[in-house]
Each structure stands twice: as C-alpha cells, then as structure tokens.
Amino acid sequence: HRKRGFHATGTVGVFGAVAACGNLLGLDEEHMLSALGMAGTQASGVWAFLADGATCKALHPARAAANGLAAAYLAHAGMTGPSGILAAEDGGLFAAMTDAPEPCRLNAGLGETWEILRLDRKPYPCCRSTHCAIDGALALRAEHGLAPEDIRHIEVATYEVGYRQCACSEGSVNPRTPGQARFSTPYAVAQAIVRGEVSLAQFTPEALENPAVRALMQRISVRPDEAFSAAYPSRWGCRIRIETTGGRILASTVSDASGSVANPLTQEQLFAKAEHLLSAAYPGREKQMCEALYGIDRSGRLPAL
C-alpha cells in the first residue's frame, strides 16, 4: 500500500470516519454497508506531496473526515454504495492498492481487539518515521552533554519505509520549507542536538536557516537497515551512532519510539503537548480547554469551546 504511493491517513481514514458517523446515526446493517461502499469509492491520498514539500498533506485527514461524514448521511438518506468495495475483481480496493491482500485480517478479533487502543501518539510535530531518531539523539545529548561542535558524524540506521519517506529525497536531505523539514530525519536530528527539543518552534522558516542546524545536517547520514525493516511495521525502530571530535563512539538503539503502545507518553506529556498546541487558539485558557476535551467522553453534552 505504502510502496504504491498511497497515504493511509486518507485511504484508510475515510473508513474510520464513516464507521464512527454511521454508528452515531444508528445505521442498520444494510445502510452501513452502503455507507462503507461510498466511503471506499472516495478513498484517496498519495505521497506525491513529499517530493516538493507541498502543504496539501493536511487535506488527507480533512477529506477523510468530510467524505466519511457525507457517506454516512447519504446512506441514511437512501443512496447506495457498492457492497464489494474491497474485494470486487473490477475496481475493488484490494486489487487497486496491494498485490497481497489479507482479507481475513479484517474481522480477526472483531469485537474483542480494539485497534484504537493500539494507536501511536506523536510527541513531535513531524513525520512519525523521524521520531525514533529524535528520541535517540535527545537521549545521547542529555547523557553526554553533547554540543554540535562535539560531533564529527552521525549515522542513523532505520527501516526502509522511514528511509524512503524521510532521508533520500532532495527535500529530506536539504529541506527548504517547513513542510519538507517535517519529513527530514537529518533536520530533526540536527534540531534535537542543537536545540535540545523538537517542537513547533523548530518548523518555522527562521528555524530552517539556523546556521548551526544547517552545518550539523551536513554531518548526518541515514541508511536503511535490514533488521529494522524486518521488524516494521510492528516496531518502528532505529539506531543512532555518533562519532565525536574526540574519537568517542556513542550509540543508542530505539526499538519503539516514544508515544508508541510499547513506549507510551505519560498523561503529563500528553497534556503538555495539548496545552502547547491549544495556546495558539486559546491563549490563557490552555489548561481549561485541555481538561474539558480530555473529559469529553464523560460529558452529557459537548462542552462550550
């Protein structure tokens, strides 16, 4: 799916959206089947934005949500969708999006295994495939008190998909826009070493031109690693190796990036991230808004935001 260029946030996201909306509308089996079919015929999103750092990536979750909602309402109103949206020989998504479909996985553990409990939560505002390298860089910086001038070379070994998405295109190697920087492992690692954090402040046009970051990026290389590729997608790991100017070799292996199910964020970390983001729209009310949203599942009505 990924290697064909599809972006699962959009292609798979539309099914999650229609399932949620259809459930809230109380669709019966027949209408839900049509809703899923109509959602699937709108499943879209490809990785072409990555090459030049186009900002349309944000459209993928937005259109998935909007198309899922529309499909649920259309089914509720009587429009029908194809029941064979996945397995149809002519036009089914299985044939269109993969050479090796595994339909049995669709209902394995149905009603017992809840995939929403297995979702990662991103601590850094950039591609998930950069996060293991950021974790490793921050850990080595903190442990050894590293400064950019202490580093001769950094090598990151990671899984193939992470390498393809964030380390081999011109935009990844030499990002010139914030969008490209979000898909650059060298940039993320350099910011982690130089600034000691990777937050929204590191993805501005001004931050991109930081001379210390630009200089350090030239001393960072990334390569695909067979062991990490074999473990993906169950584990999104990497190894970061730093050679210092004094000749020391420092290394850190990150098997599961922070925020993963195997390495979850604490509630304090989640609140800190949410409050930071909410401050843009609700300055001075970040904590209040965070608490209101965190308790939304226990509210009889949606809170006044």
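## Basis of the description

Helices and strands are DSSP runs numbered from the N terminus, a helix being H or I over at least four residues and a strand being E over at least two. The model described here is predicted.

Four strands form an open sheet with mixed pairing, in the order 2-1-3-4. Strand 2 (220–224) and strand 4 (249–254) are the edge strands; each has a single partner strand, so one side of each lacks a neighbour in the sheet. From one strand to the next, the twist averages 15°.

The pairing can be followed across the sheet. Strand 2 and strand 1 are parallel and are joined by five bridges. Strand 1 and strand 3 are antiparallel, with seven bridges. Strand 3 (residues 238–244) and strand 4 are also joined in the antiparallel sense, by six bridges. Glu155 has Ser221 in strand 2 as its bridge partner, Ala157 is opposite Arg239 in strand 3, and Cys238 is opposite Val254 in strand 4.

Helix 7 (residues 131–144) packs on this sheet and touches strand 1 (151–158), strand 3 and strand 4. The direction of helix 7 makes about 135° with that of strand 4.

Ser221 belongs to strand 2. With a relative accessible area of 28%, Ser221 is partly exposed, because the partly exposed class lies between the buried limit of under 20% and the exposed limit of over 50%. Leaving out residues up to four places away in sequence, Ser221 touches His153, Ile154, Glu155 and Val156. Ser221 and Ala157 are 64 residues apart along the chain, and their C-alpha atoms are separated by 8.7 Å.

## Salt bridges

There are 12 salt bridges in the structure. One of them links the side chains of Asp225 and Arg239, at 3.7 Å from N to O. Asp225 lies in the loop between strand 2 and helix 14, and Arg239 lies in strand 3, so this pair ties together parts that are 14 residues apart in sequence. Asp225 is buried at 12% relative accessibility, whereas Arg239 is partly exposed, with a relative accessible area of 29%. Through shared partners, salt bridges join Asp225 and Arg239 with Glu155 and Arg223 into one network.

Arg105 and Glu102 meet through their side chains at 3.8 Å, N to O. Arg105 is exposed, with a relative accessible area of 60%, and Glu102 is partly exposed at 46%. In the other pair, Glu115 forms a salt bridge with Arg118, with the closest N and O atoms 3.1 Å apart. Glu115 is partly exposed, its relative accessible area being 49%.

## Nonpolar surface patch

Trp114, Ile116, Leu117 and Leu119 make a nonpolar surface patch of about 510 Å². Leu119 is located in the loop between helix 6 (93–97) and helix 7. The relative accessible area of Leu119 is 54%, which places this residue in the exposed class, because that class begins over 50%.

## Two prolines

The peptide bond joining Tyr232 and Pro233 is cis, with omega at about 5°. Pro233 is in the loop between helix 14 (226–231) and strand 3.

Pro178 is part of helix 10 (residues 178–181). Its relative accessibility is 23%, and Pro178 therefore counts as partly exposed. Apart from neighbours within four places in sequence, Pro178 is in contact with Phe203, Thr204, Pro205 and Leu208. Pro178 and Glu275 are 97 residues apart in sequence, and the distance between their C-alpha atoms is 22 Å.

Notes: Residues numbered from 1 in each chain as written. Predicted model: local features only at pLDDT ≥ 70, side-chain atom pairs only at ≥ 80, totals over all residues. Heavy atoms only, no water. Pairing = 2+ DSSP bridges. Axes fitted to C-alpha atoms, helices over the stretch in contact; angles between N-to-C directions. Contact = heavy atoms within 4.5 Å. Patch = residues over 30% accessible without salt bridge, like charges linked within 9 Å, V, L, I, M, F, W, Y side chains within 5 Å. Areas by Shrake-Rupley, 256 points an atom, 1.4 Å probe, with all protein chains shown as cover. Salt bridge = Lys/Arg side-chain N within 4 Å of Asp/Glu carboxyl O. Buried < 20%, exposed > 50% of the residue type's maximum accessible area, 1.4 Å probe, protein only.
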